[in-house]
Amino acid sequence: MTAHTPHPRKYLALAGAQALTPSHHLSLSDVARLQSLLSQPFTDLESAYYSVVGLTKLGAVIPDQNEVCHFLKSELDPASVDSLFFAVETSQAISGCEIPVSNETRDILLAAVSEDSTMGQIHRAVSALGSLGLPLASQEVIGALTARIEKEDNVMAITSALLAASRLSQQAELGGILEEIEDLTARLDDLGGMYLQFEEGLEATAMFVTAAYSLSDHVGVEPPLKEDQVIQLVNSIFSKKSWDSLAEAFSVASAAAALSSNQFHVPVVVRTHGPATVSHSQPTLQLLVTDVMSQPLTSANVLVESANAASSKSSILSQAPFTLNDGIFEFNFMSSQPASGYYQFTIAVTGDKRLVANQVELKVKVSTEVAVTNMDLSVVDKDQSIGTKTTRVDYPSKAKSSFVADSHQYFAMAFQLVDVNTGVELTPHQTFVRLHNQKTGQEVVFVAEPDSKNLYKFELDTAERKSEFDTISGTYSLCLIVGDATLENPILWNVADVVLKFVDEEAPATIQPKTLYVPKPEIQHLFREPEKKPPTVVSNAFTALVLFPFLLLLILWFKLGANISNFRLSPSTVLFHVGHAAMLGLMYVYWTHLDMFQTLKYLAIIGGVTFLAGNRMLAQKAVKRCEKGIC
Amino acid sequence: MSNSVISVISRFLEEYTSTTPTKLKVVDSYLLYILLTGALQFLYCLLVGTFPFNSFLSGFISCVGSFILAVCLRIQINPQNKGDFLSISPERAFADFLFAHTVLHLVVMNFIG
């Protein structure tokens with residue numbers, strides 16, 4: 001099939017700085033794993049098809065091709081469309097294998113191309129007919145496919161339709177089928193802007209990609225996939241690194257082949273060969289520029305579009321090309337003499353209009369070696385500002401004599417940190433001065449700060465700092481520690497011994513190492529103490545005492561002559577008194593057993609009865625009182 | 001000075017015993033009983049502390065509430081005050097007294113713990 005001239009990329013968005021780049025692809029080990037899965041011995045025609053055709057798509061060589069051909073011929077069932085499809089397609093992949101075909105076979109295949117067969121059957125029949133070189137009426141097929149799409153709307157069916165259409169004549173009217181690509185694209189699920197896949201799974205997504213590019217290449221029309229969508233599909237298909245079935249492995253292999261060799265979109269994978277670090281000993285930045293199957297794109301031109309220092313954003317490079325060296329693109333960054341630190345590179349891959357995601361951002365580190373120069377140590381008297389003699393120490397030796405500083409003096413240290421290669425002064429992240437008491441094991445660490453001229457100074461005032469040292473006098477070994485992410489040679493240098501004399505020295509307590517991870521002392525739980533209660537005697541006495549006024553009341557009432565002689569034994573009176581007694585009894589029961597709701601319920605009943613009885617009783621009393629005359 | 005106090009008190013007691021109707025004296029002795037009970041409760045609380053506070057409060061408020069309701073009853077059934085309580089007969093006063101006591105006892109029993 002001859003290809004039409006590719007149309008200009010009208011669907012691709014402008015490659016901005018935030019263009020998506022593939023986060024997953026098939027590395028060489030992934031391809032090897034895929035190949036070994038596909039190379040497993042097969043026992044039926046379908047497995048043979050997946051294995052042989054899959055390996056061919058990965059560019060691998062099929063071993064024992066004669067045996068495979070024998071196998072195909074012996075396993076073939078000429079009455080089954082599927083069997084014919086697998087056998088014929090597999091035979092196309094190996095050389096010198098022809099499946100004999102009879103008129104009945106041809107008729108069976110032609111009969112399968114109708115709107116009554118499933119889409120899968122139509123696709124297999126069309127492919128087998130095409131591979132066998134048998135004539136086929138494209139218009140009929142298109143009619144069957146279009147009718148079938150109405151009935152079978154699922155993703156795999158439409159994918160089969162696309163694959164079938166790609167086997168038809170280029171003069172046929174494939175526009176209707178071509179539009180299905182756009183419909184299917186709309187059905188893809190977007191996961192976090194990174195992945196685009198069908199909910200039917202990996203096989204459906206991978207076969208869709210294969211079919212879309214297969215048909216698009218055949219017709220010569222660019223598929224309606226945006227650049228970001230292509231990369232998202234790449235991420236989805238190649239994120240899974242072990243495959244469950246031969247069919248899944250075959251679909252991934254097909255998609256990989258489609259994405260690396262179609263006429264429209266070829267995603268580019270740019271990775272560093274080794275760490276993205278350059279230094280004097282290793283001045284070149286090495287890049288691997290491949291397609292999704294890790295095949296190098298040797299015809300591409302790779303250049304540094306811009307390189308900016310990460311901190312100052314100043315531009316170091318612009319439009320600098322990489323050189324191709326044995327499949328690896330190299331660039332000598334150190335020749336631009338960059339200062340140590342981090343740089344943001346924007347790398348562009350050009351040379352082929354089909355390249356997708358061809359602009360990559362990369363963070364490159366330039367590391368260097370540091371040297372300590374002009375290390376001057378001195379002990380200065382606080383009273384006079386006359387500096388006492390300064391001792392110069394050279395790295396890595398140690399000062400011969402130790403320095404003594406007591407409360408009237410302070411110890412001073414000054415030095416410079418320079419880049420070994422360029423002589424530029426450096427200010428690394430970590431510049432510490434560590435004093436270590438050899439006897440007690442105590443160590444104190446200070447930070448050395450640079451002044452405006454990048455000269456590091458450190459002063460130890462014994463009187464001021466005695467709390468850090470716990471006022472323990474003695475000999476301390478002084479070390480300088482220099483470190484940074486961009487330094488290749490961190491420094492730990494025992495510069496000198498310093499004897500510190502503190503006043504108010506307490507008896508040196510043995511310094512215990514920080515007991516952070518030792519079990520802590522157990523906390524005894526204090527249970528809630530019961531309240532202090534008075535002795536039982538007192539409370540009993542008062543209980544009796546409180547009952548005493550009641551006795552007094554009874555005595556007084558007796559003395560006054562209160563009596564119940566007026567008690568009329570009428571039903572309402574009895575009922576009232578019984579009800580009233582019941583209410584008082586209810587109060588007691590409320591205290592011991594019931595809750596408010598139950599009490600209110602009973603109270604309503606008893607109270608109601610008592611009220612009615614009492615009302616009658618009191619009315620009777622009132623009538624009697626009125627009869628007596630006092631109304 | 002003390003003489004006049006004693007004489008005032010004795011005069012008061014004399015008048016009280018002679019002029020007060022028995023009915024009211026019955027209520028007055030009830031009032032005395034309530035007062036003594038409340039005082040004893042308070043004394044106990046001062047001596048041994050307020051634990052448990054809710055019980056003390058409920059007992060004390062019971063005494064105070066009963067005292068107040070009894071005073072109301074006494075005022076309402078006093079024949080000398082009949083002019084002020086034309087619509088409230090003694091029986092009605094007693095019925096109110098009983099009802100208020102029911103509510104008071106409900107609250108006290110709830111709070112006694």
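Predicted model: local features only at pLDDT ≥ 70, side-chain atom pairs only at ≥ 80, totals over all residues.
**Salt bridges and charge**

- Searching the whole structure over all chains turns up 19 salt bridges.
- One of them pairs the side chains of Asp82(A) and Arg124(A), at 2.8 Å from N to O. This pair links distant parts of the chain, 42 residues apart: Asp82(A) sits in helix 4 (residues 81-93) and Arg124(A) in helix 6 (residues 119-132).
- Is Asp82(A) buried, partly exposed or exposed? Asp82(A) is partly exposed, because its relative accessible area of 27% falls between the 20% and 50% cut-offs.
- Glu115(A) and Lys151(A) make another salt bridge with their side chains, at 3.8 Å from N to O. Glu115(A) is in the loop between helix 5 (103-112) and helix 6, and Lys151(A) is in helix 7 (residues 138-151), so the bridge ties together parts that are 36 residues apart in sequence.
- Glu115(A) counts as partly exposed, with 38% relative accessibility.
- Asp189(A), Asp190(A), Glu199(A) and Glu200(A) form a negative surface patch. To find Glu200(A), look in the loop between strand 2 (195-197) and helix 10 (202-219). Glu200(A) is partly exposed, at 45% relative accessibility.

- Asp64(A) isn't a glycine, yet its phi is positive, at about 50 degrees. You'll find Asp64(A) in the loop between helix 2 (45-57) and helix 3 (65-75), where Asp64(A) is exposed with a relative accessible area of 51%.
- Ser294(A) is another residue other than glycine with a positive phi, near 65 degrees. Ser294(A) belongs to the loop between strand 6 (284-290) and strand 7 (301-309).
- Is Ser294(A) buried or exposed? Ser294(A) is buried, because its relative accessible area is 8%, and under 20% counts as buried.
- Which residues does a cis peptide bond join? They're Tyr395(A) and Pro396(A), and omega is about -5 degrees. Pro396(A) is placed in the loop between strand 15 (390-393) and strand 16 (403-405).

**A pair separated in sequence**

- Val31(A) is part of helix 1 (residues 28-38) and is buried, with a relative accessible area of 11%.
- Along the chain, Val31(A) and Leu58(A) are 27 residues apart, and their C-alpha atoms are separated by 7.8 Å.

**Annotated transmembrane regions**

- An unreviewed UniProt entry annotates residues 541-562, 574-593 and 599-618 of chain A as "transmembrane region".
- What does the model show over residues 574-593 of chain A? The chain there is 95% helix and 0% strand, and its end C-alpha atoms are 27 Å apart.
- Residues 599-618 of chain A are 100% helix and 0% strand, with the end C-alpha atoms lying 26 Å apart.

Note on methods:
Residues numbered from 1 in each chain as written. Chains lettered and ligands numbered in written order. Heavy atoms only, no water. UniProt positions renumbered as here; feature names shortened; annotations may be inferred. Helix = DSSP H or I, 4+ residues; strand = E, 2+ residues; numbered from the N terminus. Patch = residues over 30% accessible without salt bridge, like charges linked within 9 Å, V, L, I, M, F, W, Y side chains within 5 Å. Areas by Shrake-Rupley, 256 points an atom, 1.4 Å probe, with all protein chains shown as cover. Salt bridge = Lys/Arg side-chain N within 4 Å of Asp/Glu carboxyl O. Lys, Arg positive; Asp, Glu negative; His and termini not counted. Charge placed at Lys NZ, Arg CZ, Asp CG, Glu CD. Buried < 20%, exposed > 50% of the residue type's maximum accessible area, 1.4 Å probe, protein only.
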